[in-house]
Amino acid sequence: MITRLGLDQSPYIFPNRMKRVAIIQSNYIPWKGYFDIIGVVDEFIIYDEVQYTKNDWRNRNKIKTSSGVQWITIPVYQRSLRQKISETEANSRKWGVKNWNTIKSNYGRAPFFSLFSSEFEEFYNTSNLMLISEINAFLLKKICMMIGITTKITNSADYFLQGDSTEKLISLCKQVDAQCYLSGPAAKNYLKEDLFLQEGIQVEWMDYTDYPEYPQLYPPFNHQVSIIDLILNTGPNSMNYMKCGKK
């Protein structure tokens, strides 16, 4: 059985209360859809024991600025094409200060900047983390706590990985006793759904359509930006503009 998750459905209550898991590579301060996946599963596994891909979401994301959408990036060393995400590190200890200055200069006038800025500023200005997996994991957990997502977050490095890409995902599901695997829609191009079903694991696809707009600086409105845009513009109401807030 393949289902889609959206605002107009009620997919959050299942027969026999199946455990749902999502397994995704870490992203740097990702957009709200990424946090929606975290928010609607029972366990979220950060899947960073896979190859690092250049010019992807692992070490960068987008923010709004007065001159349009802009990338905010952690510059990294890539020593090998086979380098794992978990092995990839920032190429300078100044990455945090530079990123925070970019955020502050573009969101200093956001309605809830003063309420939440200290949460981010302390980390960006004092963190000694260099591995992007550790940076991303820290910020994912911090942001979940800030907006009220309580999902258990674990790391694929803590489990046994074997087989091809789909087999590894199935193995992770079985190791955490999950009966339901939730994926982003991009994986439809390569995920072998039949193998999940053969193992008794239901596959579901996240639906990223029909997000409501929220008050945002620098029009026109853009959904495809970091969740910090949502947090600094809507504050305690952030979950009202997310799908996991509807469960």
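User: Is serine 156 buried or exposed?
Analyst: In this predicted model, serine 156 sits in the loop that links strand 6 (152–155) to helix 5 (165–175). Its relative accessible area is 0%. Buried means under 20%, so serine 156 counts as buried.

User: How many of the 8 residues of helix 7 are buried?
Analyst: Helix 7 spans residues 227–234. Its buried residues run from Ile227 and Ile228 through Asp229, Leu230, Ile231, Leu232 and Asn233 to Thr234.

User: What covers the buried residues of helix 7?
Analyst: Both helices and a strand take part in the cover. The strand is strand 4 (60–65). The helices include helix 1 (32–40), helix 2 (95–107), helix 3 (113–126) and helix 4 (132–147).

User: Which element gives the largest share of the lining of the largest pocket?
Analyst: This pocket has a volume of about 710 Å³, and 26 residues line it, with Ile24, Gln25, Arg58, Ala186 and Tyr190 nearest its centre. Strand 2 (20–24), helix 1, helix 5 and strand 7 (180–183) each give two or more residues to that lining. The largest share is 4 residues, and it comes from helix 5.

How values were computed: Residues numbered from 1 in each chain as written. Predicted model: local features only at pLDDT ≥ 70, side-chain atom pairs only at ≥ 80, totals over all residues. Heavy atoms only, no water. Buried < 20%, exposed > 50% of the residue type's maximum accessible area, 1.4 Å probe, protein only. Contact = heavy atoms within 4.5 Å. 1 Å grid on protein atoms, 1.4 Å probe; cavity = no way out; pocket = protein on both sides within 12 Å on 5 of 7 lines; lining within 4 Å. Points joined across faces, edges and corners; volume = space filled by probe spheres on them.
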